[in-house]
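Open your viewer and get ready to click along. We'll go from one stop to the next.

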Amino acid sequence: MKPIKWMFSVAVLIGCMAPVSVDAEVKLPSIIGDNMVLQRGQKVPIWGWDEPGQEVTVTVQGKSKTGTANENGRWEVIFEDLKTGPSYEVQIAGSSELTLKNVAVGEVWLCSGQSNMEWTVNNSKNAEEERAAANYPLIRHIKIPHTPMKTPQDNVPSNGWEVTTPETVGNYTAVGYFFALNLQAQLDVPIGLIGSNWGGTRIEPWTPPVGFKEVPALKSIADKLEEYPEVGPDGKVNHQSPLALYNGMISPLVPYAIRGAIWYQGESNRHDGMLYFEKMKALISGWRHLWSNPELPFYYVQLAPYRYKGEDVILPKVWEAQTEALTIPNTGMAVTVDIGNLDDIHPRNKQDVGYRLALWALAKTYGHDDLVYSGPLFKSMNVKGDKIVLRFDHVGDGLVSRNGEPLSHFEIAGEDGEYKPAKAEIKGKTVVVSSDDVPMPKSVRLGWHQEAEPNLSNKNGLPASPFRAGE
């Protein structure tokens, strides 16, 4: 038996002495793979891991770049001026060789938020027809799994990028997909969607540390970031805790080049009132830091009317905060007061939501100056005797009652602050509001109730946002 033991020991020794590089190979994050869309017109990082010190060469469109893996094994190369197009190969050669197929170059958007962003094409209006028509090889989608983590991650497992077909589209983010359809129709370039979203989540888990630090109103969070995210006795990370989803679902995407982000969230923060504006500032600033782009476009959806339990004005206060976020440069808001469902927190009409987000992107990001991209937004008020005259931005081709009925959901109040229903009439580019019960008006509001679906619109089919003024 001794010779057998001796031979085994030698085999183990030889195995231990063998160089680690025998098993070395190029590894990539899941965001980089077949069918992906690379961002045109920007610096495009491609990165991964290999043996420390190993040179890795990446070739795309006939251009080669070489990087060296650092002490942690990470390497990165950066391409510039990639040609827009539908189907390229990317060769990667290091300790092993990889070829990525059907890679496109076009426009890439991050699609994040809670359930109304995660809501799928399968569960949206006219799902069967939408699936049947989904032959769009230039639209690609990757879904990031729900992954709360204690610390920032450099990779997150996923099933990779998919090409849009009737078989694949059903599980895409519906808002993102309809956004992409409109962009692709106008731009005629590939569109990539990164679906990093999770139903029911608050905004805080998605926000990077730097975002909290930059907003004084969030000092209570910023001062104890080392305590976040919270971890339960079972060792599981609380996915609603600050940083949890940034760590696991946003950090692994950086520095993948993107054009911008679309965001549909707020239901789970609806009790925040104007504090939600501060939290949006933190999120937007934080993401702009991550991608080293202080002008990163960020377009979002104002919540739709819904019968929440509790106070009727809690939702209007969030609408107010979301409208205030338009003061942040390079943002835009799709108003949805006309396409909600008071009995369903997940309105099935995601087509119009995607279309309205695309209007903002086409106008503000892609320079389509001829578009009317927003409904009327309150601009100013003047008290004239017993009336209030209102002026709006984004009047477009003119103001109109969407359904042909008298303008609805306007109220005014006098010195006592008691609001009364008001008559509202369109006069040119203004709306004149009055009430026999308020002879000396001081303030006005529109749609200040969670079930309000005001019918003021512009003739371009985009609704006015609720607001209050003069208080």
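**Stop one: a strand and its partners**

Select strand 11, helix 8 (residues 275-290) and strand 12: together they make a right-handed β-α-β unit. Right-handed means that, with the strands pointing away from you, the path from the first strand over the helix to the second runs clockwise. Helices (H or I, at least four residues) and strands (E, at least two) are DSSP runs, numbered from the N terminus. This is a predicted model, where local features need pLDDT of at least 70 and side-chain atom pairs 80 or more, while totals for chains, interfaces and linings use all residues. Residues are numbered from 1 along each chain, and side-chain values use heavy atoms, without hydrogens and water.

Buried means under 20% relative accessible area, with a 1.4 Å probe and protein chains only. Gly 260, Ile 262 and Tyr 264 sit on one side, Ala 261 and Trp 263 on the other.

Strand 7 (residues 97-113) runs parallel to strand 11, joined by five bridges, and its Leu 110 stands opposite Ala 261. Strand 12 (residues 298-301) is also parallel to strand 11, with three bridges; there, Tyr 300 stands opposite Trp 263. Strands count as paired if DSSP finds at least two bridges between them.

Definitions and conventions: Buried < 20%, exposed > 50% of the residue type's maximum accessible area, 1.4 Å probe, protein only.
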